[in-house]
Amino acid sequence: MNEEKQSTQKKRKKINWAPYWLILPSLIYLALFFIWPMFRGLGLAVYNDEAALSLQTEPSRDAATAGTLPQGTQVEILDQQGNLIPPDEAGQANVITEVWYQISAEDADGNTVEGWVSESRIRVREENEAGAPTAGSVRTRIGAGDTLTEVYSEPNENAEVAGQLEARAEVAITDQSILEIWYQVRGEDRNQTVEGWAQSRYIQVFGETNTGRIDRGNTGQFTTEYLSKMVNDRFFWPATITTFLLMILIIPVQFVLAIVMALVIQARLKGNSLFLYVFTIPLGISELAVGILWFSIFTQSGFLNSFLQTTGLINTPITFLSADTRYWIIIAIWLAEVWRATSIVMVIVVSGLQAISDEVLEAAELFGASLWQRVRHVILPMLKPSLQVALILRTILALQVFAVVIALSGGDVVTVLANETYRQYSEFRNANVAAAYAGLILLISMGSAVIYLRMIRSQEEMAA
Amino acid sequence: MAEIKVENAVKTFGDFVAVDNVSLTIHDQEFMVLLGPSGCGKTTLLRAIAGLGMVDSGRISIGGRDVTYLPPRSRNISMVFQSYAIFPHMKVYDNVAFGLRMRKVDKNDIDRRVRRASELLHIENMLDRYPSKMSGGQRQRVAVARAIAMQAGVLLMDEPLSNLDALLRLEMRAELKRLLAEIDVTTIYVTHDQIEALSMGDRIAVMRNGIIQQCDHPTKVYDLPSNQFVGGFIGNPPMNFMQGQVQRHNGSVKVAIGDFALEPANLYQPILRSYDGQPIVIGIRAENMETLNKPADDALKVQVQVVEPLGSQNLLTVKIGDDTVKVSTHPTFDVTPNSDVWLRFPADKIRWIDREKGQVLYPA
């Protein structure tokens, strides 16, 4: 026991902190540019930070809570009140205020009128050095029969009227009050009537009526609303099924092709660098361009139809890309993706092949392995690490197929998860459901990566 | 029967002639060493025999069967590679069994042969391990076990010991020799290490620039090199070469080194007669000179420049004319640098070399 303790103490003394200091910047980088944005972004999918509004018993921030109403509840507006708040609080975000000026002016009869007028009624002409208004004139009231502006004895439309001013009357501004408007509302939540005060910014008032709704809340809640919205979306299942279908169709074909291409390059035939260039050309073309390219092949007056017509195989062009021929769209997407992204697998496989020493391959040949036996018993097992890297990469990329689908199907007839993310965000302006889709893609990617890595680890354990 | 016959083999890489019209016969169950400096074509010749690189012209037969254009697996051969080339993803057992499995040998037979081979190489308790967890020497043993498990008629070895450290190399050298004596196999062993060649081979084929310079028993190659290159390549220190002048005195021939006159053995008199008045190269091995610490009539006086005590011998460096000569003496021979010693050249140990052609002269 004692010895153990001593040895652990010795170990503790040996800790070298230098590498940790080096890690620190990368941790900060990781937190700042990955974890935080991902947490915020994907949080949108499960967290509604405006889910409920808590109502106060008094029109004051410090008052006790009277109850909460969920976002969207219809409410009846019972009363309203302007609360004076200090000027330094007025500039804060999310504080909607109404400003009242204390003025002194002469009315049409030459009487001096003193009192309060809402900021909206005064055009400020002069300000002092501190930026506070000192003089102005009464605005004309457009479209209203009565051109007179009421001056109240208090900064409040319910107060006593102290006098009336004509439009364009010169006023001296002696003081100003900044008011926050509170509404007293009554609404129902789960058959319970809740009544209380809330700031005006949370309430949407319907026109000139005394009804409105809770526009947004001030307390957040976890919600499955967006997830269920996503699952119940009419495009969800088609998108998911198509995404997985494309993965299953694309990846095996790509791997077989990539391995064959890599073996062709590795055979060191004459002009093998030409092969490499030709094989990797699609890597340099953008996904959308590839989609458009294959669209121009499959479209009604496209290359394929004109080829078939010139060779006399068909008389009238075939409509490949239509809602009635979804399978043709899938085939076109499959071809485009295989054409576009096989070479990235090939590049990985080629680099893996180059790591296999010539002598090992010669040994296999010498000890009697035919070409197929060499591939099966030596090359493929030794390529396993590269193949697993390629598999992870390809699966993740297959989940992100987007532009090719858009180009070939327009995004409605055949749709994939990435396309739905885009549709929710840009078309429906629903960032939350878009985040839910994005989170789903992330989850599938991570899940597949974990499965592949597990496969590697279990083999290493077997090896150990 | 696995006699290997190479006839007029030529192999070129672009303009470079790696194997230049080589003919070589290796008898059944013989241990033939291909020796030469790097780039001499020895590995190319071995690979041609293995089928890993086809010859441009010529003929190779193994056991009387023409294999010139057969793939390696149809040649009844096995091979140990320089970098071992064992399969890193297979356990030792699977490595050793690989060739047998490819041949679809019966399972029990495979097991028996794998165990026999691994016992011969003392790796029978490592069969469950992966090569990555093994030392260089152990991997070497796996590579050899894999080769002998095949029980092919021919075993080819391409510098198999060159990746081992000096001590291990010494150990494996003796072990390989023991092992190959136990099994009936014709072996071709490529090396650039002349000690390995001398100690292991039944015969040595010394190669240079794609041409076999000499192919003979190790003692013969050492003692009677066919030319100046072989003499200078084999032996540590290599054979000494000195410039001399053939002179005729009353019907007998003498060779002058400066003022000193050497008396060639009677056997060589007729040949040397034709070199009368011409320069000739004298070749003699370091251990074949007698060192005296006092003058004698038939001894040449030389000044010692360097003394290297090597334990079993003292190696002296002396200057004779413009030539530096290494002389091996008994470790008890007491000598200091800059002192004088006298060298005696036994007539039967001297090799006479044509200066233009570099060929060692043999009595007709």
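**Close-ups of a predicted two-chain model**

**View 1. Helices H7(A) and H9(A) are oblique to each other** (angles under 35 degrees count as roughly parallel, over 145 as roughly antiparallel, 65 to 115 as roughly perpendicular, and the rest as oblique). This is a predicted model, so local features need pLDDT of at least 70 and side-chain atom pairs pLDDT 80 or more, while totals for chains, interfaces and linings use all residues. Residues count from 1 along each chain as its sequence is written, with chains lettered from A and ligands numbered from 1 in the order written. H7(A) covers residues 287-298 and H9(A) covers residues 326-354; their axes come within 10 Å and cross at roughly 135° (axes are fitted to C-alpha atoms, for helices over the stretch in contact, with angles from 0 to 180 degrees between N-to-C directions). Helices are DSSP runs (H or I) of at least four residues and strands (E) of at least two, numbered from the N terminus. On the H7(A) side, look for A:Glu287, A:Val290, A:Gly291, A:Trp294 and A:Phe298; they meet A:Ala332, A:Leu335, A:Ala336 and A:Arg340 in H9(A) (contact: C-beta atoms, placed from the backbone, within 7 Å).

**View 2. Chain A and chain B touch each other**. Chain A brings 15 residues to the contact and chain B brings 18 residues. On chain A's side, helices H10 (358-366) and H11 (371-399) each supply at least two residues. H10(A) gives the most, with six residues.

**View 3. Five strands of chain B form an open sheet**. Reading across, you get S15-S19-S16-S17-S18, with antiparallel pairing (two strands pair if DSSP finds at least two bridges between them). S15 (290-292) and S18 (323-329) of chain B stand at the edges with a single partner strand each, so one side of each has no neighbour in the sheet. From one strand to the next, the twist averages 45°. Zoom in on S16(B), residues 299-309, and S19(B), residues 340-344: they pair in the antiparallel sense over five bridges. Here B:Gln303 has B:Asp340 in S19(B) as its bridge partner.

View 4. S1(B), residues 4-13, and S4(B), residues 57-62, pair in the antiparallel sense over five bridges. B:Lys5 stands opposite B:Ser61 in S4(B).

Definitions and conventions:
Contact = placed C-beta atoms within 7 Å.
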